Amino acid sequence: MSGWCAANCLEITPKERFLAMLAASLPDLDGLTYFFGQQVYWSTHHIYGHNLVFALLLSGGLAVFCTHKLKCFLLFLCLIHLHFVMDLLGSGEGWTIPYWFPFNKIEYAWSFGWDFNGIENKLAALLFLLGCVAIAVYLKRTPLEFLMPSLDRRLVGWAQKLRIWPRP
Ligand SMILES: [Zn+2]
């Protein structure tokens, strides 16, 4: 939702907005190691996808498919770093970001983060959800616009009933 909300602040194409959602989410690819067991998960998640090298490679790799290459590269880079910040704040104790991996073993942590199940994460999710609804109502698009355009149109049609200003 962070990728979708941020992408809608810029003049970019539907494909670029879709790629922005991927950029905001894909650092957690390193969490797929969960399927290989808890021990592997704990030793890989927040490491391989949560560092500057991955951020640059992912931003560049996704920007190749964009019309607005520089604008999207910078957007993707910002979104990946927003992901890191949100992880540091809301993943709970014990999670760090090895930002300079693989060149340096320094891991960053913030002591003023909160519990994963804390109210702060629920409030952040609610704010982003409200942002998605507002985008559907006023910009007339949903995160499905690129992959499922017909369902997107139907959802936008329903969202118009929520419009309070100006009336449709
Ligand atoms: Zn993450």
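Tutor: A polar contact is a pair of N or O atoms within 3.5 Å; within protein, one atom must be able to donate a hydrogen and the other to accept it, and residues adjacent in sequence count only if both atoms belong to side chains. In this predicted model, local features need pLDDT of at least 70 and side-chain atom pairs count only at pLDDT 80 or more, while totals for chains, interfaces and linings use all residues. Residues are numbered from 1 along each chain as its sequence is written, and side-chain values use heavy atoms, with hydrogens and water left out.

Student: With which side chain does the side chain of H45 make a polar contact?

Tutor: The partner is the side chain of D30, at 2.7 Å. A polar atom of the H45 side chain also lies 3.4 Å from the backbone nitrogen of G31.

Student: Where in the fold is H45 found?

Tutor: Elements first: helices (H or I, at least four residues) and strands (E, at least two) are DSSP runs, numbered from the N terminus. H45 belongs to the loop that runs between helix 3 and helix 4, the latter covering 52–63.

Student: How many helices and strands does the chain have?

Tutor: The chain has seven helices and zero strands. Read from the N terminus, the order is α-α-α-α-α-α-α. The C-alpha trace spans about 55 × 40 × 30 Å along its principal axes.

Student: Is H45 buried or exposed?

Tutor: The scale is relative accessible area: buried is under 20%, exposed is over 50%, and partly exposed is in between (1.4 Å probe, protein chains only). H45 has a value of 9%, so it is buried.

Student: Which residues are the protein donors of the zinc ion?

Tutor: Donors are N, O and S atoms within 2.8 Å of the metal (3.2 Å for Na, K and Ca), and since water is not among the atoms, sites may look incomplete. Here the protein donors are D28 and D87 through OD, and H50 and H83 through NE2, at 1.9 to 2.2 Å from the zinc ion. Their spacing in sequence is D-x21-H-x32-H-x3-D. D28 sits in the loop between helix 2 and helix 3 (38–44) and D87 in helix 5, so this pair, 59 residues apart, links distant parts of the chain.

Student: Why is the arrangement of the four donor atoms around the zinc ion irregular?

Tutor: Four donors are tetrahedral if all angles lie between 85 and 135 degrees; four are square planar and six octahedral if opposite donors are over 155 degrees apart and all others between 65 and 115; anything else is irregular. The four donor atoms here subtend angles of 89 to 161°, and this range makes the arrangement irregular.

Student: At what relative accessibility do D28 and D87 stand?

Tutor: D28 has 32% and is therefore partly exposed. D87 has 11% and is therefore buried.

Student: I also want to check the backbone. Which peptide bond is cis?

Tutor: The bond from F101 to P102 is cis, with omega near 5°. P102 lies in the loop between helix 5 and helix 6.

Student: What is phi of H46, and what is phi of K140?

Tutor: For H46, phi is near 70°, a positive value in a residue other than glycine. For K140, phi is near 60°, again positive in a residue that is not glycine. H46 is in the loop between helix 3 and helix 4, and K140 is in the loop between helix 6 and helix 7 (149–159). At 3% relative accessibility H46 counts as buried, whereas K140, at 42%, is partly exposed.

Student: Now separations. How far apart in sequence and in space are L58 and Y138?

Tutor: L58 and Y138 are 80 residues apart in sequence and 31 Å apart in space, taken C-alpha to C-alpha. L58 is placed in helix 4 and counts as buried at 11% relative accessibility.

Student: What separates the C-alpha atoms of I106 and A134?

Tutor: The separation is 40 Å, for 28 residues along the chain. I106 is in the loop between helix 5 and helix 6. With a relative accessible area of 39%, I106 is partly exposed.
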